[in-house]
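Hi,

Here is the structure I promised to pass on.

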Amino acid sequence: MNTSRFSLQKPLSVLMALTLCVTTVACGSAPSETAGRQAGAPTAQNRAETKLPDGQYSVQQASYNDANGEYSLLLLGTPAGASSSLRTTDLQLARLSEADVKADKKPYVKIEGGKPAFYMSESFKIEYIHNVTETKADPQTGGQQTVVVRQESSFWTPFAGAIAGAAIGNMLFAPRYYVPPMYSPGGLSGYGGYGNSYSQAVGNYQQRNGGALPAATRNTQAFRSTGRLGSSSNSRVNNNSTRSTGSGFGSSTLRSDPSNSRSYDSSRSSGGFGSGRARVGGRRR
Amino acid sequence: MTTWRDRFNKMTGRTRFVVCRLFIHLAGEDAVPILGLLNDSARRALAAEGDFDVLGESMVEICQALLQYDTYWRSAANEGDVLWDENEAGDYVNSLFTDSAQRYMSGPDLEAATPRREEALTLPVTRNLVVMITAAFEGEVPALETDLSSSEALANGLKALINLHYQQTLRAVQVHFSPAQLGDELTDDQLLTNFPELLPL
């Protein structure tokens, strides 16, 4: 009797703790994305490339590179010994609140738990660096490669016009991920995307632009191929070898952020699936 | 059955990434024409420099062809994982590409490249053919996140893969196949040594 009551107590306390966690997350003003990451994976964030300690720093200049989706911010008032520039692909943007505008606050970056969020006024211009790429044959190997021919510069104001109109009320001031609209030689035009995570922002961009991928995603998609797809030789591999011939190709739009290099480890993952696992009782948890 | 960690992650709005790989082994000389389609889509992908839409369409065509050749399915296998971190998912996709690629000879064979005079005018026809499809996507697709080592489950999995392309939730696509072309052979021994996970359907 006593033992059965004890066995009930444990899951109940876990459940109560979890409920408390969830309600705290829901009530907190911090965006849910940040809260989730802090709770789930605090390990890799601390040794991120942004070696700046947590705090607020005013921003002098900001630029965005569409070759890899990287933001580069020039900060003021950083502590001695720390770099005054911040380069990251993982940056959330937010608008300065009414109170901040009234107090004549300058654009600033707030770093919380190693994750930066950039607060800016409506008229703040982020320099947009557009890379014009071309595919050329590598003179040494003869293979095709993408090279940046030249860079063009433009301006991106994330909170002027269409995007600001689409967000409502309080959401306007919470930091979120934004994807700039399409670049054209006259400047940026059309709709960008936003979301609580970067991939949501990309999805939102795709929805508004008829399935087209944002420039940063298109430029970072990694294409790999093996085999003799490029050459048209008819040579046949000797059948005595342990392997037959084959070819393969693949492309990925998954972003890799070098400042947060968490590599895959099957033992740590929540649960794999597949035919190999089925022999030992379905999905392993 | 989802774990608490899954539910918590979902509630806090994190993106769920699923990476999965399917092995399909076709047996029989009549299944060989599919090699033409595979090479065709591979060349198209190469010409488009890996443009994601082109690759997605190629995958749809390959899945459709595989569904049409279902009478030749002999064995299959699948594996995958659910991840909450994009970096990790990208890393896993890369390692799966490398793993798929090391199961066949892809480099040019210098010895075989020199023409042999006494070569017969007929080409040997392979009796085995393996197609490996890897996909990474956002969200949850129960049809792919199970054991696909039965004909019915595999057919459902392929249909789910096709849907992924049109739902635009795909984040990575890879297709590998062995042998490379008509005239190359994948023998039973090579199949056993390089694809040990295959389970008969």
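Just past helix 6 of chain A, G210(A) adopts a positive phi of about 65 degrees. (Helices here are DSSP runs of H or I with at least four residues, strands are E runs of at least two, and both are numbered from the N terminus.) Before you read much into that, note that this is a predicted model: local features need pLDDT of at least 70, side-chain atom pairs count only at pLDDT 80 or more, and totals for chains, interfaces and linings use all residues. Residues are numbered from 1 along each chain as its sequence is written, while chains are lettered from A and ligands numbered from 1 in the order in which they are written.

Helix 6 of chain A covers residues 198–208, and its buried residues are Y198(A), S199(A), Q200(A), A201(A), V202(A), N204(A) and Y205(A). Buried means 20 or more other C-beta atoms within 10 Å of a residue's own; 12 or fewer is exposed, anything in between is partly exposed, and the C-beta atoms are placed from the backbone. What sits over them? From chain A the cover includes strand 9 (177–179), strand 12 (193–195) and helix 7 (215–220), and from chain B it includes helix 4 (86–101) and strand 3 (128–138).

That chain B helix is worth a click too. Of the 16 residues in helix 4 of chain B, 13 are buried, so it is largely enclosed by the rest of the structure. From first C-alpha to last, helix 4 of chain B reaches 23 Å, close to the 22 Å expected at 1.5 Å a residue (that is, 1.5 Å times one less than its number of residues).

Back in chain A, strand 5 (residues 108–112) runs antiparallel to strand 1, with 4 bridges joining them; two strands pair if DSSP finds at least two bridges between them. S58(A) stands opposite Y108(A) in strand 5 of chain A. On to strand 6 (residues 115–120) of chain A: 5 bridges join it to strand 5 of chain A, again antiparallel, and E112(A) faces K115(A) across the pair. These two form a hairpin with 2 residues between them, and G113(A) in the turn has a positive phi of about 60 degrees.

Within chain A, strand 1 (residues 55–65) has the highest mean at 90, and helix 2 (residues 32–40) the lowest at 35.

Cheers

Technical notes
Two residues are in contact if their C-beta atoms, placed from the backbone, lie within 7 Å. pLDDT is the predictor's confidence in each residue, from 0 to 100.
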